[in-house]
Structures are given as structure tokens and as C-alpha cells.
Amino acid sequence: PPRSTLFPYTTLFRSPKELKNDPQGQSDKRYKVSELFVPKQALRELGLPLIEWPSNFRDGSGEGKFLYMLGLRSVPTVTELISIMAGATANGNLLLRDKAMTYFLTNHHANGYTSFDYSKVIVPFLPLEGNSTKLSTPSHCFVEGGAALLGFDILRRDLQPHATKFGVRAHPDMDQCIRILLEGPPKSHRDARAMFTYFAGRLSEINSSNIPRLSDAKFVPIFSEPPASPAVASEKVKKPKFISPKNCFLGDSDTYGEIF
């Protein structure tokens, strides 16, 4: 019969063996074929619902081809994997989370996960560097540690080589970084050096559209009595005044400090 006439009848039982991942143990529950996955160990470890099969399942067999035609699934979607990772973390099942993440990374290209739009993910599932209790979405964490100076979350170090697979960018948008800098300029020599070093590494992104904005903004901290060393802690109790880059000079304070 035509394929369209088969779908109303495509329900099968799952075997007791596969019900070990079913918390309700509903042995009499029936499923559409399109709701089930092939009985493979990698999918079983993810807690996905598998079809009952009394022997080794062969994709190329007549039965296998028939079930695939009815909608039997062999690959979980990115959304399903994200749901598993997020749910497992929330329930404290880090083993399941790591298995889902390993499956995602291992099968990223073969399963076509490269075409997924990760910028639209709203469920936090990515672990962060330096904060084991917080998760993030791909759009709200980054790779480069310097972004943390501006308050951004950083992807956990061991996952950073795979950042592009998760849709995680190296840096936040420059316009957003500039806005944060101007709203909360550094208040010490140490903070200013670290923050300006970060921006210096992204000079190619500072262009004619944002240079005027930076040139006129007062975000460079100036101390009336510079400390003997930039690392001196006492400088934190002194309140700096802020001036714009075009109104200060490069160089050591003992060179220009008594003149300008």
C-alpha cells in the first residue's frame, strides 16, 4: 500500500528489556514508530525510547528498511540532546550529561548538527569555567578569557576546542563591549591595564564607526598621586577621575605627570 496509508497503523510495543529506562514502567504503552529509535547501545545510554527487537537490528534488512520507511529514527536532534544535557545537569546526573555531550561531539558532522542555528537556543546547557553550578546558552558565553573582565561568561576550558560545534564565539560583539566599558570604566591601574590589553587584542574590530565614540568618552582612570607600583593595593581606596583618550598621553606618569 502507499506509504501514506501505513502511518495510522504504525504502533509497536517496546520490550521489557527496553523498559528499564522508563520510570513509569508502562509495559502496555504503545508508540508510533516515528517516536522510537533503533536499538543501539549509544542511544540506549542516552535514555531514548528504543523499539523492541528480539535480535540484532540490521539497517539493510527488509524489516529495517520497512521500519525506516514508517519513520523509525536513528539520530536524535540537537534539541533533544540539549534537553538531555540540561535535564541531566539539573538532576545531578553528570554521567548522562557527559554521555550526551560526547555523543553530540562525536557525531556532530555525521548527524548534520552543523546546520543547526545555535543562536536560537534558549535553554542553558553549557558548563562554564570557574562556575560549576551555572549553565549558559551558546549566545551568552565565549571562549576568550578576557571577556570575563567585562562580566561575560566563559565556556569551560575542556570544551573550548569544540566551541564552534556548540556555536560559541570567541568574543562578544565589540559594540556591546564598548557599551559595558563606558558604563563601568576600570577604577585601578591593574584593571585598566588588563581591560585595555583585551581591547588591544581586538584592534581590527575598532573602526570608523566606534572610534569617535571611544575618543570622546571619559573612561581612562587618572590618579592625582600615582602609586609607586601598579600592583599596590592602596590605590583601590583612591577614587580616580576619568578622562577621554584624546585628552591624555601615553607614557610613564613620571614623564608627563607633572606637566599634564
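## Terms and basis

Two residues are in contact when heavy atoms of theirs lie within 4.5 Å. The model is predicted, so local features need pLDDT of at least 70 and side-chain atom pairs count only at pLDDT 80 or more, while totals for chains, interfaces and linings use all residues. Residues are numbered from 1 along each chain as its sequence is written, and side-chain values use heavy atoms, with hydrogens and water left out.

## Overall composition

The protein contains nine helices and eight strands; these are DSSP runs numbered from the N terminus, with helices (H or I) of at least four residues and strands (E) of at least two. Among contacts with a separation of 6 or more, 57% join residues 24 or more positions apart.

Of the 260 residues, 36% count as buried, that is, under 20% relative accessible area, with exposed meaning over 50% and partly exposed in between (1.4 Å probe, protein chains only). The accessible surface is about 15,700 Å², and carbon and sulfur atoms hold 54% of this surface. Areas come from the Shrake-Rupley method with a 1.4 Å probe, and for residues only the protein chains shown count as cover.

Ser-74 is located in the loop between helix H2 (62-69) and H3. Its relative accessibility is 30%, so Ser-74 counts as partly exposed. Setting aside neighbours within four places in sequence, Ser-74 is in contact with Phe-37, Val-38, Leu-43, Tyr-68 and Tyr-103.

The axes of helix H3 (residues 78-90) and helix H4 (residues 94-106) come within 7 Å and cross at roughly 155°. H3 is therefore roughly antiparallel to H4. Residues forming this contact include Val-78, Leu-81 and Ile-84 of H3 and Leu-94, Tyr-103 and Phe-104 of H4. Axes are lines fitted to C-alpha atoms, for helices over the stretch in contact, and angles run from 0 to 180 degrees between N-to-C directions. Angles under 35 degrees count as roughly parallel, over 145 as roughly antiparallel, 65 to 115 as roughly perpendicular and the rest as oblique.

## Helices H6 and H7

H6 and H7 pack at about 160°, with axes 12 Å apart, which means that H6 is roughly antiparallel to H7. Their contact is made by Met-174, Cys-177, Ile-178 and Leu-181 of H6 and by Met-195, Phe-196, Tyr-198 and Phe-199 of H7.

Ser-188 sits in the loop between helix H6 (174-183) and H7. With a relative accessible area of 4%, Ser-188 is buried. A polar atom of the Ser-188 side chain lies 3.1 Å from the backbone nitrogen of Asp-191.

## The loop between H7 and H8

Asn-210 is found in the loop between helix H7 (189-200) and helix H8 (211-216). Asn-210 is buried because its relative accessibility is 3%. The Asn-210 side chain reaches the backbone oxygen of Glu-205 at 3.5 Å. Not counting residues up to four places away in sequence, Asn-210 touches Met-174, Asp-175, Ile-178 and Glu-205.

Asn-207 also lies in the loop between H7 and H8, and with a relative accessible area of 32% Asn-207 is partly exposed. Its side chain makes a polar contact with the side chain of Ser-209 (2.4 Å). A polar contact is a pair of N or O atoms within 3.5 Å; within protein, one must be able to donate a hydrogen and the other to accept it, and residues adjacent in sequence count only if both atoms are side-chain atoms.
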